Every structure is written in structure tokens, then in C-alpha cells.
Amino acid sequence: MNSPYIEIISDCFVKPKFISEEAKKPIYFSPWDLIMISLNYIQKGLLFHLPENQDFSITTFLDDLKHFLSDTLTHFHPLAARLATVKHENPPSLTVFLNPENSPGARFIHSAVNLSVADILTPIDVPSIVHSSFFDNDGHELSWLSVKVKELVDGIFIGCSINHMLVDGTSYWHFINSWSEIFNSKSQNISRPPILDRSDYPLLRERNFRFSSDALSKLKAKANFECGTTKISTLQSLSALLWRCVTRARPIPADQETSFKMAVNNRRRLSPPVPENYFG
């Protein structure tokens, strides 16, 4: 792989094509939005080979992308706003909200790099340059949506970064698919308009569950007996029980696969391992 050389060709902002009176109002977050404030941006990208069509023009393609991005932002106008924080004295508190006023819009960056599609896809590990320069984010002062279009020697990479406090993965792809729909149809209408109202949400509740030592011992013994092993821990037994209860409570098909994830200490499982006293 060549030593990467990146050239920034243009850097601009794209506003919604139309801004309604509703889009001019501040957007206040729900409780479950606010707990995501410290999470990393959602960063996804689409990698394409250059079209075989000899009439393809990168300039025309970029103009179309920006034009239809503006149309899409009319529907998804919070993506063009800015995060704002107001400090209150009595009582001491902070209000964090989306402020559409004086926002230049979503950021759109066009750059080029002397790499090929194979340079990105062939290595076992994702090349470090993908993380360092194929995306862009700085949520509090800059755009909540940043688009980076990067020209490769034989391809195009379109990378989008969106603040996780505003969208989840489903909403992220809802926006991308709507942008694609508008781009392909050359129409300002979309089949699935987003619901942006955050005012009607239930209060979050946290439930306490108590398991005695005796109950945990019996649960562990039962799990190991039914699985014909002695390697299932108390934590694994309890986690499996809770996940089965959660799954039963959800209206999902009986044959649908589900997954359960848990953060664990993997210091000694890495290669090479991280010291047990590593603080971080």
C-alpha cells in the first residue's frame, strides 16, 4: 500500500433547502437522549468503485450529493443544528439542547487520497487512515452531521458521522436511505418522513431486583446441571435468566435470534496482554 497522501479539496456547509417555522424552534432532548451525550459518534461509510461509465464526472456527482443533501435536511433538519448549553444559577443546573439559530448547516468535506479500493479492503485490519481521516466530528461547536467524500484512485468513499445523542443506528440508516431515495428519484419527497417530536415520552424508571445468595447458588447449580457442565458461573447463570425474561417480554417472533453483550475486564485476554494494574 502506498504511503497515504491526503488532499483537502473543499470544505463547506449545507443547509436545509426549506426551513419551516417549526424547524426554527429549539429541540430539547429526552432523558434517554441525554444519557448518550458522552458516547462516540456513529461513524459509517459506503465504499464504491468508480463507475465504468466514461461520462462520470466527480464534480457533477458532488454537486448532486450536496443538492440532494439539502433536500434531505429539510426533512431531517435537527442534523443541521448545533448543540447549545445554557447555565442556570438558581437552582444551579445546565440545559443542553439543539439550537437551529445561526447554524451554517451540516459539514461537507471533499478530499482525495492516493489509495485504491483494494488498499482499504485487502488488509485483515482496517487501515488506521480510515479512522483518522475518513470521518469528521466535533459535536459541541461544529456540525452534528459531517459528510466526508473521499476520492480514491479507483473509487469513492462516502463517510458520515452523526452525534449518537441525536440518533441511534436505526435512525442513522433512516437518514442515509432517505438521502439515497431523494438522490435516485430526484424528488424532494421521501417515503418515510421522520418523526422529530421529542415532547411525548414516558419518564424513565429503574427497577430493583434482589437475589439472595441461596437463590443464586440454586440457579447456578440448575444451569450447570441442565447443560451438563460445571463451568457456568453465577454471573453467567443470572445474566442468562434475566435475558430470557427480557426476551419473553418483547413481542418478537419465537425463532428470532437475540444477543446479549456485557462489558468485561479483558486485560489478560489481549495479545499482548495489558497489565492487570492498567488504569484506564
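Good morning. I begin with the largest nonpolar core, which has 38 residues, and in which L65, L69, L73, L145, V147, F175 and W179 touch the most other members. A nonpolar core here is a set of buried Ala, Val, Leu, Ile, Met, Phe, Trp, Tyr and Cys residues joined through side-chain atoms within 4.5 Å. Buried means under 20% relative accessible area, exposed over 50%, and partly exposed in between, with a 1.4 Å probe and protein chains only. The elements that contribute two or more residues to this core are α2, β5, β6, β7, β8 and α5. Helices (H or I, at least four residues) and strands (E, at least two) are DSSP runs, numbered from the N terminus.

A word on the source. This is a predicted model, in which local features need pLDDT of at least 70 and side-chain atom pairs count only at pLDDT 80 or more, while totals for chains, interfaces and linings use all residues. Residues are numbered from 1 along each chain as its sequence is written, and side-chain values use heavy atoms, with hydrogens and water left out.

Which residues does L69 contact, leaving aside its neighbours within four places in sequence? They are V14, F108, L145, V147, F175 and W179, where contact means heavy atoms within 4.5 Å. Another core lies apart from the largest one; it has nine residues, among them V113, I120, I129 and F134. In soluble globular proteins, nonpolar side chains tend to be buried together.

I turn now to the sheet. Five strands form an open sheet of mixed pairing, in the order β1-β6-β7-β8-β3. Two strands pair if DSSP finds at least two bridges between them. At the edges stand β1 (6–14) and β3 (42–49), each of which pairs on one side only. From one strand to the next, the twist averages 15°. Helix α2 (residues 58–75) packs on the sheet and touches β1, β6, β7 (145–151) and β8 (155–162), its direction making about 160° with that of β6. For such angles, axes are lines fitted to C-alpha atoms, for helices over the stretch in contact, and angles run from 0 to 180 degrees between N-to-C directions. Helix α5 (residues 169–185) lies across β3, β7 and β8, and runs at about 35° to β3.

Strand β6 (residues 106–113) pairs with β1 in the antiparallel sense over eight bridges; F108 is the bridge partner of C12, and R107 that of F13. Six bridges join β6 to β7 in parallel, with I109 partnered by K148. Why is β6 described as largely enclosed by the rest of the structure? Eight of its eight residues are buried. A106, F108, H110 and A112 point one way from β6, and R107, I109, S111 and V113 the other way.

Elsewhere, β4 (residues 82–88) and β5 run antiparallel, joined by seven bridges, and form a hairpin with four residues between them. In this pairing K87 stands opposite L94.

Finally, the aromatic residues. The structure holds nine aromatic pairs. Rings of Phe, Tyr and Trp (its six-membered ring) pair if their centres lie within 6.5 Å; planes under 30 degrees apart count as stacked, over 60 as edge-to-face and the rest as tilted. F175 and W179 form a tilted pair, 6.0 Å centre to centre with 35° between the planes. These two residues of α5 are separated by about one helical turn, because they are four residues apart in the helix. F175 is buried, with a relative accessible area of 1%, and W179 is buried, at 5%. F56, F61, F68 and F183 form one aromatic cluster.
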